[in-house]
Amino acid sequence: MRIRSYTLPLFGLTAILLAGNILAAEQGPTIDFSRDILPILSDKCFVCHGPDTQDTEQLRLDSLAGATSDRGGYQAINPEALEESEILVRLHSKDSPMPPQDAEKPLTANERELLARWIHQGGKYATHWAFIPPVKHRPASGTPAQDTQSTHSESIIDTFVATQLAAKGINFAPSADRATLARRAAFVLTGLPPEPEQLVGFLQDKTAGAYDRLIEELLNHSRFGEHQARYWLDAVRYGDTHGLHLDNRRGIFPYRDWVVRAFNDNLPLDQFITWQLSGDLLPNPTMAQLIATGYVRMNPSTAEGGAIPAEFQMKNNFDRVETLGSVFLGMSLTCARCHSHKYDPISQTEYYRLLAFFNSTAENSMDGNAYEYAPIMHVPQDQASWTGWIDLQAARKSLLTQATDAITVPDNFSEAIVQRWHQSSHEDRLKLLAESAGPFVKTDFHERALEITANLNSARKAFTTTLIAQDLPEPRTTQVLKRGEYNLPQGDPLEPGIVRVMGEFPSGASRTRLGLAQWLTSPNHPLVARVLVNRIWQRTFGDALVRTPEDFGLQGEQPTHPHLLDWLAVELRESGWDLKHLLRLLVRSRTFRQSSAWRQDIDDPQNRLLARGPHYRLDAEVLRDVGLWASGLLDPHMGGEGVKPYQPSGLWFALAHPGSNTKQYVQDEGNRLYRRSLYVYWKRTSPHPMMTLFDAPDRESSCVRRSRTNTPLQSLGLLNETQRVEMARKLAERLLRQVDHTTGRLDLLFTLLACRNPSATERAACEMLLKTMSVRFQESPDAALALLSQGLAPRDESLDIAELAAWTQVTNTVLASDIAILLY
Amino acid sequence: MHRPFQDHSLMLTRRQLFGRAALGLGTASIAHLMHDRAKSHEQDASEGLHHPAKAKSVIYLFMSGGPSHHDLWSYKPKMTEMFGKQLPEHIRDGQRITGMTANQQNGLPVCPSKYKYTQQDNHDRGVWVSELLPFTATVAKELCVVHSTFTEAINHDPAITYIQTGSQIPGRPSLGAWLSYGLGTMNENLPHYVVMHAKSNHAEQSLFNRLWGTGFLSADHQGILMRSQGDPVLFLSNPSGVSQADRRAQLDALTTLNQEQHKQFGDPEILARIRQHEMAYRMQTSIPELMDFSSETEETFELYGEAAKTPGTFAACCLNARRLVERGVRNIQIFHRGWDAHGSLPAEHESQCKDVDQACAALIKDLKRSGMLDETLIIWGGEFGRTAYCQGGLTKENYGRDHHPRCFTTWMAGGGIKPGITYGHTDDYAYNIADEHGDPLFPQPTKEEWTPGTMHIHDLNATILHLLGIDHKRLTYRYQGRDFRLTDVHGHIMHDLIA
C-alpha cells in the first residue's frame, strides 16, 4: 500500500461505488472486531501487513496504531474522517486493489463488505478474544456475572446452550433413555460400558440422584484415570521408543502410569502441569514429582551416526517449545522459529525466550540409542508396586515416629543414644533400629525395622528406570537463530521469558521451568484453562467448543459458545483446578443428557448448536477394550512396561534398522495379551496397526484431536484381526455358559454392548446369521475348529464346536457393528 | 471419482457458511455445493484438480539410503587423475559434513568411480550411464535425468523425512498422503495409495510410518502397505474357517444392525460405514486377483526378470505397480533399502543395482507398450547423494562414500516428462551443482528465486504435483492456523522438464 496510483476519473467511480456501500454498511449489524474482522485481516492481509513484516516502512494492520499511522498524507484508517480511510479506497480500487490482484488469497465480496462496515462503524481495534483472560459472563445478557456461585453450576451450562437454541427458536432434544445415558457416561468417563450389575442397579434405582451416584462411581473407578490419561498421552506424544533413526526402546512408562494416578487421585491440574514442567525444581521433590518431569523428556530423539549434537540440541528444543504451544497454549508457535509469527502476535525473540527455559536441561542432545537415556531415576514398575512402595514409606514413617516417641521418654535410653538418634537422618535411624548388635535389638522396633528394611530392599530391587528432567548447574546460552538454523545464532543472549500477549510473567518467579509453570497456571493466563477445558469438552461431547483445539489463534475457529467456554475456564480455576468437578458438571448437564438422534427440525450436521447429544465412533483403544471386557478377557493389571498383543508378523522388521532393538516384535503371552490398550507398546515409527487403522497418532508429534475416519480397511480389521476373533469366541463362550437359550443370549450380548435388549429386527438378523452359521459349521466341523483356534486363550472344550463357532460369528459381527463401536 | 481435497474445501466453505449464518448471510448454497461435489465424482482424472493433468498415476521408486550418483550417473573422468588426493578445499567450500567423515584420518581423498561409463543416445546430448545399470541404459530415450537435485539434510532420518514430507522434523503429511488428499481414487475396490517395501540384501537404514503417514491430514490418506508376507493388505483374509459365503452372511446381518442404528440416530456416517464394509468385501476379491500374477505372460517375466516371480522382490513390486496402475490406482511408492554404502560400496551397489536395474527398465517398457507410460509418472531417486571423497580405506577396488546433499541424481519418466534429456550440471567432482562450464552455482532458493539448472527437493515435489494436475501452492490444509502445503513456502515447478 505504498503507492497511490489511481487516477482521478477512477477515483470518481470508486467514490460512487463506495457511496452505495456506505449505505449498505451503515444498515448492517454491529461489527465485532475480534469475531468478524480480525480473522479476515489475519488470513488475507497479515502475510504482508502483519506482525512478521520485516520492512519498518511497511504498513502494519495488526494494531490500531499501525493502521492509523500517517502514510504521507493519508492513513489506512482515518479516525477523524472515516470515509477518507485508504482501506476503503483500496478495497474497491480497480487499478490498485488491496489485496493485489495476484494475491494468493483474494477477499470475498462478503469480506469486503464486512471490512467496509467495520471502517464505517469506527474502525476500532480490539484484542483477539483468546488473549483476554476469561471472566464469567451472565448467560443471557452476556454481562459479567456477580452471583454465579449461587447458581446451580450444571444448569449454567444449559443456560448458555439454551440461549443459542432460543435464538433459533428450538429447544433441547429430549433426554436419552437412562440405559443409553449410563452407557454414554461410562464410556466418556472410563472408556468402557457400565458393568452389568452397575447398569441394573442404576436402572432399578428410581430415587432422585441415581444418575449422580452412578457418575460418582464412574469417577472413582480406577478405569477413569486410565481412560483420561490416553488423551494426555496423545497431546504430549508419549511413546515407548526414541522415535528417530534406530527408534530404540526408551524407559519412560512410569510417566504414563503417573499420569493415570494423577487423574485417579484428581491431582489439581495446576499441580499436574507444574510437576511435569518442573517437578525437579520444586523443593525436596518427591519421587512422583520427578517422574512427572518425563514430560520434558518426551521429545523424539536420535543418535544417528554423523548427526551433529548442536543441531539436535536445538531440534529437541524446537520440539519442546512447539509441543508446549499445542498442549497448553492451544497455538502453534512453529512459525516463530524462523521469523515472527505471520498471524499471531508472537515474535521470533519470544519464541527463543520460551526455548531458553528448556535449553539448559542436562541430558545429551543425542540419546545414545540407550534405554536409560540419562538423567534417569529408579522407580517402582507398576501401579501395584507403586502402592506397595507408598505403603512401605508410610510404615517406615510410622515406625520412626513411634521410635522417636519412645526414645524421648526419659530413662528409656542412654543420653548418647538419644543424641545419636536426633542427629541421624531418617535413613540412618532405620539402620540404627535394624542394627543386629544395636541398642534397639531387644525392642519390637528392631523386628519391624528389619522387616521394613528387607521389604524396602526387595522393592528397590524390582525398580525400573524412567527418564526425568534436570538442569545443568550453569545454564546454556540461548540466542535467536536466524531462520531457525542452529549454527546461525544472532543478537544478545536471551533471558528465559514468555509471550507478552499472554500476560505477565509472575512477579518474583524464577526464570526457570518452575517460573514457566507458574506463568501457565497463574489466574490471569488467558489461554491455559480455556485450552484444557476445551479439550475436556471435546472428549466428553466428541467435538470441542473451539473446533480447532490446536489453534486458539487468529486463524483458529471462534468458540461455538464463547461465554460457556470462558465460564468453564474460570470455574476450573476457581474449583482448585479440579478435573473431576469439571467432568461432573459436563456429564450432569442437560446438554450432555440429550438424545443423540439427529433432528429433522434443524440443519446442524456438526452439532454446533449442541441441540443433540454426542454421537461418534469410539477411539481405537476403546474398540479393543470393549471387546476384551465383554469377553471377560480384560486383564485389570495396571501399569508396567508396554504390552505386545497379536500383530501381523514382519511389520517392524520390514522397516527397522538392523541395529535397532525394536526390529523384532516379540509377542507377549498370557494375561499381557489382554491388558487395556493404554498399555499397548508404542513404537513411534510403527505403532500397532489396529491403533493406526482407527486414527491413533504416531506420537512423534503432539496430537490434540484425532481424525475419525471411515475406511474399508477398518472393516477388515474389525472382522478379521486375530484378537477380535479371539474376543468374539470368548464372548460367545460367555453367552453359551451364562444363558441357555438364544433369546437370553442375544439379550445379554446386546446388554453388554448397547445396554439394552435387541429390537425385533436386530434379533431377527442375529438369529438368521446364527442359523446359517450353525448349519454351515455342523456340516464343516473342521471349519468350526479352525475358527475357534484363533488366539491363544484356551477354548472351553465343554461347549459344542459348531454352536460355539456359529455364536462366534454372531458376536464378531455385533462387536463390529455400530451398536458396539459408536458412542451414542 | 472421490476427491478428498474438494470435499474438504467444501466442508470449509460449509463451515464458513454456518459460521457466517450468525451474521444473517444465509446458508442457501449448501445444496448447490453438495451438487458440485457429486459432479466431481464423475470427473476424468486428466482434468486435474487445478489444471489439466499430464499424468493420472505416479510410481515413485524410492532408493532409500542415498544411491551414489558417482557410480551410477555422474561421469567424471577428471576424478581419475585425482585418485587418493585430497579434495580441493575450494570444492568443499566450507560445507558441513557428517560426523562420520569430518575428522577421519585420511582426510577427504578423492574417490573416482571404478565403473565404466558409456554414453547412451537420448533426444538430447546423450546421457552417460554406468555399467551398473545396463538395463536402465536401454531406456535412456525415455528418461529425464536430473543431475542437480539437492537437499539441505545430511543424515538419513531428517533427509528422508524431508524429501517425503517437506520437513525434516516429523509431523507433516507425506507426499503420498498429499497426493491421496488431492487426487482421490479411481478404483474404490483397491487402496488408493499403495506402499511396497522391496527386498534388499543390504537393508541397513530404517524406514518410518511417517514416510507414508498423514501427519495432520485425516488418517484415511495414509499409504496402505502391500506386503509380500502374510496378507497382502493387513487383515484382508477372513479368519480360517470363515468362507466368503460366511462373510456375506455376516455382512448382511451387519448391514441390518447398522441400518437399525441409522434409523434411530440418523447420522449419515453410519450409511457411509455400510458402504465401507461392502467395499472391504469387494477388496477381498480384487486384491488377491491383483496379486495373482498367473495371467502374466512369460514374455513379461522375461522383461522384468525371474525375480518378478518371487513376491517381495523389487521386480515383483514393479510388476505389481503396473497392475495397480492398470486398475486405476493413482499413487504407488516402492521403497528399496540398502543404498547407504559407507564402506563396501562396490559390493553393495552391485547387489542393489541387480535388484532394481532390470525391473526399472522393464516397468518403463511395459507401460510404454501398453500405452500407459504417457499418463504414468515414474520417479527414481533417493534422499541424497554420496560424497566424491572416500569414507574409510580407499583402494581401486573398494571404497565407501558418505552422505552428500549438495547434488545427486534423480530420474523421471513418462507422465508429461520430457523424454530423453539430461538436466543440470555438476563440477568436476560431482560435488557442487554447476553451470555448463563447471562453475559452482551454490543455489540458495527463496520463495521468489530459483536458480535455473537446479532442482531442490521442494522443486521435485512441486513438479510431481504439477504433473498430476495439482498446484502445489493451492493444495493446502489448514492446521494450527496455517495453510500447510507439501512444499511449505518453497517449490518451483520445473517447467524445463515438462513435455
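## Strand pairing in chain B

Two strands count as paired if DSSP finds at least two bridges between them. In this predicted model, strand β2 (residues 117-120) of chain B and strand β3 (residues 127-130) of chain B meet that condition, running antiparallel to one another over four bridges.

## Domains of chain B

Chain B is divided into domain 1, which comprises two segments (44-228 + 311-497), and domain 2 (231-289). The C-alpha centres of domain 1 of chain B and domain 2 of chain B are 39 Å apart.

Where these domains of chain B touch, eight residues of domain 1 are in contact with nine residues of domain 2. On the side of domain 1 of chain B that touches domain 2 of chain B, the residues fall into five nonpolar, one polar and two charged.

## Contact between chains A and B

The contact between the chains draws on 86 residues from chain A and 69 residues from chain B. On the side of chain B that touches chain A, the helices α7 (156-165), α9 (244-265) and α10 (268-291) of chain B each supply at least two residues, and α9(B) gives the most, with 12 residues.

Sorted by class, this side of chain B holds 30 polar residues, 27 nonpolar residues and 12 charged residues.

Definitions and conventions:
Residues numbered from 1 in each chain as written. Chains lettered and ligands numbered in written order. Predicted model: local features only at pLDDT ≥ 70, side-chain atom pairs only at ≥ 80, totals over all residues. Contact = placed C-beta atoms within 7 Å. Nonpolar A, V, L, I, M, F, W, Y, C, P; charged D, E, K, R; others polar. Domains from an automatic or database assignment.
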